[in-house]
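Please read them alongside the sequence and the model displayed here.

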Amino acid sequence: SNNALYKVKSVSETYACKLCVDDGRERAAREYGALKTIQAAGFDFAPKPLLLEDSLSVVPYPVVLYHWAEGEVLQPPIPQQQLESFLDSYHQLHSIQPSYNSPFQLNAWFHWFDFNEYLKEISDLFDQYTPWLATDTLNRLDLKDRLRQMINNLHQVISNTQIDPSKDHIPLRLVRVDPNTANAIISPDGTICWVDWEYSGW
């Protein structure tokens, strides 16, 4: 199952009403909390939040209401102005610390404080595409060898690192977790607006 998004129009405003899947991940609370935190930090690269209704007393789904983001989905190839806006938004996002005036306390979903989990995910993805890469196409074979070498190098570097990846040893920042460009809206003036914050957290 997936979320349902409705575009709601009034006389003067347009809103996004998002009905979230209730699967224990607190999707609606994450989205609303992230949007409120970004707003409190003074940034405008996300929609302005209006309401969180997660009591399930109105509808049988947690609901988030926010202003509709007008524009077009960011798609490659990305022009320089849009790329700069894209990178600026991430720089601003990762400057947001828990000390900002927000009650948002949720950890990011799928955020592991263990390098081995990330390495396994990368290796599994490589294994998934190995049959496709192992073809007679020269560029694919070269890419396969280069990717394998990169993964081996990652294992070697991390096995020798002295960095402790546990949560108590790294500075917390607000993160999206899902940086899919399909969730990036380019407004008519060229600025970027990120939507879908349901996996976000610290």
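1. Terms and basis. A residue is called buried under 20% relative accessible area, exposed over 50%, and partly exposed in between, with a 1.4 Å probe and protein chains only. The model is predicted: local features need pLDDT of at least 70 and side-chain atom pairs count only at pLDDT 80 or more, whereas totals for chains, interfaces and linings use all residues. Residues are numbered from 1 along each chain as its sequence is written, and side-chain values use heavy atoms, with hydrogens and water left out.

2. Overall architecture. The protein contains four helices and seven strands, arranged along the sequence as β-β-α-β-β-β-α-α-α-β-β. These elements are DSSP runs numbered from the N terminus (helices: H or I, at least four residues; strands: E, at least two). Of the 202 residues, 31% are buried. A contact means heavy atoms within 4.5 Å; among contacts between residues at least 6 apart in sequence, 67% join residues at least 24 apart.

3. Helix α1. Because 10 of its 14 residues are buried, α1 is largely enclosed by the rest of the structure. The cover over its buried residues includes β2 (14–19), β3 (49–53) and β4 (63–67). Just after α1, Gly42 adopts a positive phi of about 90 degrees.

4. Glu31 and its partners. Glu31, in helix α1, is buried at 1% relative accessibility. Leaving aside residues up to four places away in sequence, Glu31 touches Lys18, Val64, Tyr66, Asp196, Trp197 and Glu198. With Lys18 it forms a salt bridge, the closest N and O atoms being 2.8 Å apart. That pair links distant parts of the chain, with Glu31 in helix α1 and Lys18 in strand β2, 13 residues apart. Lys18 is likewise buried, with a relative accessible area of 3%.

5. Salt bridges. A salt bridge is a side-chain nitrogen of Lys or Arg within 4 Å of a carboxyl oxygen of Asp or Glu, and the structure holds eight. A network of salt bridges links Lys18, Asp23, Arg25, Arg27, Glu31, Asp196 and Glu198. Asp23 and Arg25 meet at 3.4 Å, N to O; Asp23 is partly exposed at 34% relative accessibility, as is Arg25 at 21%.

6. Helix α3. The 19 residues of α3 (residues 115–133) should span 27 Å at 1.5 Å a residue, in agreement with the 26 Å between the end C-alpha atoms. A kink of about 30 degrees lies at Asp127, shortly before Pro131; the bend at a residue is the angle between axes fitted to the seven residues ending there and the seven starting there. Lys120 and Asp124 form a salt bridge at 2.8 Å, N to O, and lie four residues apart in α3, about one turn of the helix.

7. Surface patch. Ile122, Met150 and Leu154 form a nonpolar surface patch with about 220 Å² of accessible area together. Leu154 belongs to helix α4 (residues 138–160) and is partly exposed at 31% relative accessibility. Patches comprise residues with over 30% relative accessible area and no salt bridge, like charges being joined within 9 Å and nonpolar side chains (Val, Leu, Ile, Met, Phe, Trp, Tyr) within 5 Å. Accessible areas come from the Shrake-Rupley method with a 1.4 Å probe; for residues, only the protein chains shown count as cover.

Key. The expected span of a helix is 1.5 Å times one less than its number of residues.
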